[in-house]
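Reader: I am new to this structure. Please pick one part of the surface and take me through it closely.

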Amino acid sequence: MFHNASMNTKQTPAADENALRQVRRLSRPFLILLSVALGLLVLVQIPEIVALLFFFHGDGAWHAAVSFSASGINLSIFAGTDHSPDVMLESLSFGQRSALALLAVPCAASGGVAIFHLRQLFALYSRGAVFTEDNIRHIKRFGLWLVVAAVVVNSAGRVFFIVTGQHSHGTANAAMALIYGGMTYVVARVMELGRQADEERKGFI
């Protein structure tokens, strides 16, 4: 009996290390994907905002059109005279362009912050940190910013219609994002309370 208990005690650290090794291995691909997504968001959104303000086709062959979807403001630049179903940028005044550029900023920023916290969470997982305060903080903030991003994009879609007269192609389901983000926040809060209770229990031992 004591021999078996001794064997189990010796095997537990090895089992824990194996589990952490798997967590690190599974987290790294997601960390890379989220890093790429965050980088692309920055690399795409900044030139897009600049183009919204300063792109003028003049008499050249290049044209630009703007639309709105679940990801926010979308700008497409193309050559030729093909008619675009989206709003042609050349038909908008500088004031309208400025309004669209202002809309693009909170849409990109709120989504970017949500992705950032999710990336930081997987960065912790990839280092073997699973149940720390930092994990819980990033889960809570991801849930919060997911809700914020959905509300911002849905509100911006309505402003886009006021500015351009064109309906958005589709926006994120704010109700579902509110539920999912709220549930994520609550789960993180439960984890936080459980961690606090466990630390208090260890303090009495």
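Author: Phenylalanine 56 counts as exposed because its relative accessibility is 56%; the cut-offs are over 50% for exposed, under 20% for buried, and partly exposed in between, with a 1.4 Å probe and protein chains only. The model is predicted, so local features need pLDDT of at least 70 and side-chain atom pairs pLDDT 80 or more, while totals for chains, interfaces and linings use all residues. Numbering starts from 1 along each chain as its sequence is written, and side-chain values use heavy atoms, without hydrogens or water.

Phenylalanine 56 sits in the loop between helix 1 and strand 1 (62-69). Helices (H or I, at least four residues) and strands (E, at least two) are DSSP runs, numbered from the N terminus.

Phe56 belongs to a nonpolar surface patch. Patch residues have over 30% relative accessible area and no salt bridge; nonpolar side chains (Val, Leu, Ile, Met, Phe, Trp, Tyr) are joined within 5 Å, like charges within 9 Å. A salt bridge puts a side-chain nitrogen of Lys or Arg within 4 Å of a carboxyl oxygen of Asp or Glu. Helix 1 supplies the largest share of the patch, four residues.

Now step back to the chain. Four helices and three strands make up its secondary structure. Their order along the sequence is α-β-β-β-α-α-α. The chain has 205 residues, and 35% of them count as buried.

Definitions and conventions. Areas by Shrake-Rupley, 256 points an atom, 1.4 Å probe, with all protein chains shown as cover.
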